[in-house]
Amino acid sequence: MEEAGLRMGSAAGRGTLAAAVLASGMAFLDSTVVNVALPTLGRELGASLAQLQWVINGYTLTLASFVLLGGALGDRLGRRRIFVTGVVWFTLASLVCGIAPNVETLIAARVVQGMGGALLAPGSLALLQSSFREEDRARAIGAWSGLAGTTTALGPFVGGVLIDQASWRWIFLINLPLAAAVVWLSKAYVPESRNTASTQHFDVAGALLGATALGGVTYALIAWPERGFGSVPVLGGFAVGLAAAIAFLLVERARAMGAMMPLRLFSSRVFSVLNLYTVLTYGAFGGFFFLLVIYLQTGLGYDALEAGLATLPMTLLMLLGSELSGAAATKFGPKLQLTVGPLCCAVGVLLIREITPGVNYWTGILPGVLAYGIGLTLLVAPLTASVLSAVEVSFAGVASGVNNTAARAGSLLAVAALPLVVGLSGEEYENGPALGSAFYDAGMWCAGAMVVAAVLALFVCGKVRLDRPDRPPPAEHLPQVLQRGRCP
């Protein structure tokens with residue numbers, strides 16, 4: 001790579017941008033359409049609710065656990081090399097997902113797919129950051145944000161068409177031609193880059209312990225409704241998760257600033273509270289919409305395409321309004337938006353939870369979807385920027401990664417725990433009345449989590465400033481949020 005970097009108008013620049021957009025779009029598409037496919041693949045594979053939870057959480061677990069390690073591998077071993085490795089890994093796992101003969105194989109493939117995503121996800125933005133010359137870098141990242149966001153918005157439509165007109169298997173098999181194009185573009189146009197000054201060892205122990213902690217707790221929460229709290233698997237899962245979590249904290253403390261999650265960052269009260277805020281908001285989002293898409297199809301009789309399109313206005317609001325929201329937070333401070341945003345989301349949840357069979361979409365569902373979309377638009381950009389402003393500039397990258405992991409972990413735990421707390425298990429998700437009652441109760445829990453998040457912002461974010469000249473702009477916030485929050 002030339003020292004000056006790539007130009008936006010050059011063939012190499014266009015090829016590099018196309019590779020990053022297609023790879024991100026592939027991962028984002030999977031994130032948005034798998035939820036829509038759950039009722040269909042549940043019927044065809046005879047899956048229980050716990051198994052459907054693992055179809056989602058198997059991917060989220062490994063992605064959340066290894067995404068920081070994936071970024072470090074790219075910096076040390078070569079960003080293009082790790083990016084292409086992630087694309088190939090992700091695609092081979094997608095192939096197994098698409099031909100899976102049973103739900104157990106599908107879950108195992110989703111776990112492996114998440115590992116590939118952990119190599120792919122940080123690489124897309126890192127390639128643009130390292131490959132383009134400084135004066136073209138913002139344009140490249142902006143183009144990537146817009147195009148990747150468009151891919152996310154198209155996800156419900158594409159997924160619904162594939163599921164209704166062909167098979168749920170094609171939501172995974174479509175990745176094969178996309179990946180072939182990404183690999184060709186990467187080999188032909190993307191320059192290799194690495195951080196030659198890095199001397200840190202990879203925090204493999206931290207990644208494995210983090211995965212074990214999340215996996216143990218997730219397993220216990222999902223198994224609890226069917227096996228009972230006093231069963232050996234449930235108690236064993238909690239014990240393994242707790243032991244791994246303690247060991248993780250000890251390892252990260254010993255590694256200090258060489259850790260995957262440097263504990264020193266949490267000496268900032270604002271940083272700590274904002275990550276708790278992230279867990280609450282993205283947990284409420286992930287858990288509620290996991291049940292919503294199932295309820296729309298099982299309880300209200302929507303097909304996959306209709307269920308996907310039902311929440312599309314939310315994504316469009318975020319795409320259209322996030323830049324303005326970020327600018328407003330920079331000018332006036334993030335406190336108002338971080339407080340009002342979750343309250344709007346809570347209102348949206350409370351409206352949506354009232355839907356019953358026969359409800360008119362335009363008067364019964366759309367108002368709640370719009371309220372939730374407004375809330376997300378208000379809080380997304382200010383949250384990312386506030387997290388970055390809470391730490392020193394030199395730690396902005398790892399702080400963003402920790403917050404990204406917090407969002408994924410919140411969604412992971414919510415999808416595992418919410419059916420438990422509302423009394424939904426086994427094949428009850430196929431029973432419209434039982435699912436409707438559980439969905440109604442789930443709305444209260446998720447709205448409550450949003451209100452708690454708003455209270456946290458009200459009392460903690462008053463002194464946060466986003467207009468300091470030493471802070472980097474959070475240009476990447478929208479695609480990260482769309483992917484990590486599984487925005488439909």
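Modeller: Start with Gly-116, which sits in helix 4, residues 103-131. Bear in mind that this is a predicted model. The relative accessible area of Gly-116 is 0%, so the residue counts as buried, the limit being under 20%. Set aside the neighbours within four places in sequence. Gly-116 then has contacts with Gly-86, Trp-89 and Phe-90.

Now widen the view. The protein has 488 residues, and 58% of them count as buried. Its secondary structure consists of 17 helices and zero strands. Take the contacts with a sequence separation of 6 or more: 84% of them join residues 24 or more positions apart.

The largest nonpolar core holds 125 residues. Within it, Leu-106, Leu-296, Ile-355 and Tyr-372 touch the most other members. Helix 10, residues 269-298, supplies the largest share of this core, with 15 residues. Beyond four places in sequence, Leu-296 is in contact with Gly-301, Tyr-302, Ala-307, Ala-310, Ile-355 and Ile-365. A second core is separate and has eleven residues, among them Leu-17, Ala-20, Leu-128 and Ala-140.

Then a helix pair. As a rule, two packed helices are described by the angle between their axes and the distance between the axes. Helix 13 spans residues 335-352 and helix 14 spans residues 361-389. Their axes come within 7 Å and cross at roughly 155 degrees. Angles over 145 degrees count as roughly antiparallel, so helix 13 and helix 14 are roughly antiparallel to each other. The crossing of helix 13 past helix 14 is left-handed.

Last, the cysteines. A disulfide needs two cysteine sulfur atoms within 2.5 Å. By this rule the count is zero disulfides. Cys-344 is in no disulfide: the nearest cysteine sulfur belongs to Cys-345 and is 7.0 Å away. Cys-446 has a relative accessible area of 5%, which is under 20%, so Cys-446 is buried.

Back to the starting point. Gly-116 is buried in helix 4, in contact with Gly-86, Trp-89 and Phe-90.

Technical notes:
Residues numbered from 1 in each chain as written. Predicted model: local features only at pLDDT ≥ 70, side-chain atom pairs only at ≥ 80, totals over all residues. Heavy atoms only, no water. Buried < 20%, exposed > 50% of the residue type's maximum accessible area, 1.4 Å probe, protein only. Core = buried A, V, L, I, M, F, W, Y, C linked by side-chain atoms within 4.5 Å. Helix = DSSP H or I, 4+ residues; strand = E, 2+ residues; numbered from the N terminus. Contact = heavy atoms within 4.5 Å. Axes fitted to C-alpha atoms, helices over the stretch in contact; angles between N-to-C directions. Parallel < 35°, antiparallel > 145°, perpendicular 65-115°, else oblique. Left-handed = near helix turned anticlockwise from the far one by under 90°.
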